[in-house]
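Work through these exercises with the model at hand. Each has a task and a stepwise solution.

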Amino acid sequence: AGDQKIDGDIIAIISPHAGYSFSAPIAAFGYKAIQGKDIRLAVIIGFNHAYAHSGVAVCDYDSYHTPLGDVAIDKGITDALIKADNRIYPRKEAFSDEQSTELQIPFVQEALPGVPVVILSIGDQSIENCRMLSDALYKVLKGRDDFVIIASSDMCHYLPYDKNNEVDAYTINALMKFDP
């Protein structure tokens, strides 16, 4: 990704996980935009393609290994999220062979070297679960401004081009209005 000049503070990015050959250039754009910022924690939020669960799973490993090495998991934040709501729980199966969060980690390692991560997987992608997770994150991260939220998304990769642009425009409009 070339140099990215984005005005204002970046609090979150939406990053695709469709496989590096398909989505890496787009993901790189978002990560380049946060590179060099004063970020001390990356919160990666994905979902499960194959493992069904109802709440929000937390990856409670000590670290996560990729071909680029190990990245530390912030156990303090992880434990605080588990304590914040009983619908947030450790669940190793949710992170076994799951690309939505896994594909983000090497980008974090390159763009934010040495920054620990918190890895979350939303099971039921209901508005209630999203609000519950946002409340828990607010409670646990309140007062901090040194983190970034990375939302790992498919957005859409099956619609015709024109329809996809229409849906993306609607989504972007809702995001800009902070309208869940």
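Two strands count as paired if DSSP finds at least two bridges between them. The model is predicted.

**Exercise 1.** Give the strand order of the open sheet and name its edge strands.

Solution. 
- Step 1: The open sheet has 6 strands, in the order β1-β8-β2-β7-β3-β6. Pairing is mixed.
- Step 2: β1 (12–16) and β6 (88–90) each pair on one side only, and they are the edge strands.
- Step 3: On average, neighbouring strands of this sheet are turned by 25° against each other, direction ignored.

**Exercise 2.** Describe the pairing of β3 with β7, then find which helices pack on the sheet.

Solution. 
- Step 1: β3 (residues 56–58) runs antiparallel to β7 (residues 117–122), over 3 bridges.
- Step 2: Within this pair, Ala 57 stands opposite Ser 121 of β7.
- Step 3: Helix α2 (residues 75–84) packs on the sheet and touches β2 (41–47), β3, β6 and β7. Its direction makes about 35° with that of β7.
- Step 4: Helix α5 (residues 127–141) also packs on the sheet, with β2, β3, β6, β7 and β8 (147–153) touched. The direction of α5 makes about 170° with that of β2.

Technical notes
Residues are numbered from 1 along each chain as its sequence is written. This is a predicted model: local features need pLDDT of at least 70, side-chain atom pairs count only at pLDDT 80 or more; totals for chains, interfaces and linings use all residues. Side-chain values use heavy atoms; hydrogens and water are left out. Helices (H or I, at least four residues) and strands (E, at least two) are DSSP runs, numbered from the N terminus. Axes are lines fitted to C-alpha atoms, for helices over the stretch in contact, and angles run from 0 to 180 degrees between N-to-C directions. Contact means heavy atoms within 4.5 Å.
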